[in-house]
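Keep the sequence and the model open as you read.

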Amino acid sequence: MAKHIILASQSPRRKQLLDQLGLEYDVITSNIEEIVPPVLNGHHSPSQIVTELARQKAFAVGERLQKNSKANKELIIIAADTIVVLNNKIYGKPNSPDEAKAILQELCGKIHQVYTGVALLSFDLAKSSMQCLTEAENSLVSFRKYSESEINAYVATGEPMDKAGAYALQGAGSCLVAKIEGCYTNVIGLPMPILVKMLRELGVEVLGEG
């Protein structure tokens, strides 16, 4: 029986990236509260933080499907979480335009890290069998120096408001970026090489291989 894929994210960016693989899937958001520590405290690494949040999202959707679905299907739930880190400070999504401006001021002219955790939860509703894979990717992003007026104009577009680090690499935020080291799609929010490898580990054929 074909595996039924679920994307546990309402992010249009992650949906666009997943669309590129040509796989059929449905979207079911997790709606969990994303609790991210404001600074790294030594107890958990950035990779551990994002993979745990991704895992929580996948299991939240999985639990809802187990309760509400009687279908005899094997499901694979894809979940991801992204954070930006600079000098041990963690930047998630800004809660206001003023916070977005403050984040962009702090990132200006500096090199920050972008971490995305990916979780794939595979389970069979009939057999109650379950397997969860998690991995994380890390990229370095160098911001150029930009002016306060540029920050104000960019924030006024609304684009930073639902993005970790208050910018979108695939949008106007690309104008702030001088250089990227590592996985480009990781910075967007879904590291595709990792995702493809994990899907294949769970028996999904991607780009002719499974």
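F143 is buried, with a relative accessible area of 4%. Buried means under 20% relative accessible area, exposed means over 50%, and partly exposed lies in between (1.4 Å probe, protein chains only). This is a predicted model: local features need pLDDT of at least 70, side-chain atom pairs count only at pLDDT 80 or more, and totals for chains, interfaces and linings use all residues. Residues are numbered from 1 along each chain as its sequence is written, and side-chain values use heavy atoms, leaving out hydrogens and water.

**Aromatic pairs**

- The structure holds 2 aromatic pairs. Rings of Phe, Tyr and Trp (its six-membered ring) pair if their centres lie within 6.5 Å; planes under 30 degrees apart count as stacked, over 60 as edge-to-face and the rest as tilted.
- F143 and Y146 form an edge-to-face pair, because their ring centres are 5.9 Å apart and their planes stand at 65°.
- Both F143 and Y146 are buried.
- The rings of F143 and Y167 are also edge-to-face, because their centres lie 4.8 Å apart with planes at 70°.
- This pair links distant parts of the chain, 24 residues apart: F143 sits in strand β6 (residues 129-143), and Y167 in the loop between α4 (148-156) and β7 (177-181). Helices (H or I, at least four residues) and strands (E, at least two) are DSSP runs, numbered from the N terminus.
- Y167 counts as buried, at 5% relative accessibility.
- Ring pairs join F143, Y146 and Y167 into a cluster.

**Nonpolar cores**

- A nonpolar core is a set of buried Ala, Val, Leu, Ile, Met, Phe, Trp, Tyr and Cys residues joined through side-chain atoms within 4.5 Å.
- The largest has 47 residues. F143, Y167 and L120 are among those with the most contacts inside it.
- Helix α6 (residues 192-201) supplies the largest share of this core, 6 residues.
- Another core, of 12 residues, lies apart from it and includes A58, V61, A119 and F123.

- D81 is found in strand β3 (residues 74-86).
- D81 is buried, with a relative accessible area of 3%.
- The side chains of D81 and K57 are joined by a polar contact of 3.0 Å. A polar contact is a pair of N or O atoms within 3.5 Å; within protein, one must be able to donate a hydrogen and the other to accept it, and residues adjacent in sequence count only if both atoms are side-chain atoms.
- D81 also touches R14, E34 and Y115, among others, not counting residues up to four places away in sequence. Contact means heavy atoms within 4.5 Å.
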